[in-house]
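Open the model in a viewer and keep the selection tool at hand.

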Amino acid sequence: MREKKISLRLENICDMVPKTSKKILDVGTDHGYVPIHLVKNKRVISAIAADISGSSLQKAKDEIKKNNLSDVIFVREGNGLQVITDKDEVDTVVIAGMGGVLISDILEEASHLSRKEEMFFVLQPVQGVEELRNYLSAHHYEMKREKLFKWSGKFYQVFLCKISKNMQPSSDEYYYELSQELTKNPDRELLEYIEIQEAILQNIKHSLLQLQHKFELNLEQQNKLESVKEKILFYERVKSNASQGFGKQFG
Ligand SMILES: C[S@@+](CC[C@H](N)C(=O)[O-])C[C@H]1O[C@@H](n2cnc3c(N)ncnc32)[C@H](O)[C@@H]1O
């Protein structure tokens, strides 16, 4: 059967799976498109397609059967990484299309796996990017690759990471939303993303300053205002570096 074309979002997720990977677990597989694409394109040998919802898993079962892949893609119903043990020899876990907080909760509940440190994780939060980056940084995950992309009018990020005990938590919180790596080679897409984020921050700053005129800000509000101001400055720096780079490229 010819494979259905997958979306750019799913393509970016599949591209992050290491070339050395042999067996993946796709947590929250829904239709099973990610494991089907990876197996059909010989990117991995086999996969476990898992979902907490029986009805989502039924969709995956039907797609896998339609593609004659039932002998290499195994479906499992359950919560997060609880569906596997070390014996499954999964080398890469994909968790995509969920909020960053839910993704970090799923990672947190996987302490039964002693091989977790050998695994690669491909993570694609639909919101809560900063919360997920925060969690990864505090729990010794090392970013191996990361990408920002635009799909269907919205920006998304996707990460490939791995636990590394030598990894120290980041001391620069203003990189949590974007990361130093992503801002190293700014392109027009990154600048568009920054414009949107900056507009949101300017609104928050404006509301907090208006509040400050009427009342004294509490400690939480003061901290928020400081962090918003610093983030705006950080985005301004990235934009100014980028415009110099573009000047060289196109000027
Ligand atoms: C929006 S879909 C994303 C599907 C696919 N991963 C993607 O990126 O397009 C989210 C899926 O995650 C499943 N899900 C939510 N929480 C889960 C959990 N704790 N463990 C496993 N699956 C979960 C839902 O049932 C749903 O099928």
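Start with everything selected: of the 251 residues of the protein, 47% count as buried, meaning under 20% relative accessible area, with exposed being over 50% and partly exposed in between (1.4 Å probe, protein chains only). This is a predicted model, in which local features need pLDDT of at least 70 and side-chain atom pairs count only at pLDDT 80 or more, while totals for chains, interfaces and linings use all residues. Residues are numbered from 1 along each chain as its sequence is written, and side-chain values use heavy atoms, with hydrogens and water left out.

Switch to a cartoon. The protein has eight helices and seven strands; these are DSSP runs (helices H or I, at least four residues; strands E, at least two), numbered from the N terminus. Its C-alpha atoms fill a box of roughly 65 × 45 × 35 Å along the principal axes. Among contacts (heavy atoms within 4.5 Å) between residues at least 6 apart in sequence, 69% join residues at least 24 apart.

Next, select residues 8-16, helix α1. Arg9, Leu10, Asn12, Ile13, Cys14 and Met16 are buried there.

Last, go to the loop between β7 (154-163) and α6 (180-184) and pick Ser164. Is Ser164 buried or exposed? Ser164 is buried, because its relative accessible area is 16%. Show His140 and Glu142 as well: Ser164 is in contact with both, leaving aside its neighbours within four places in sequence.
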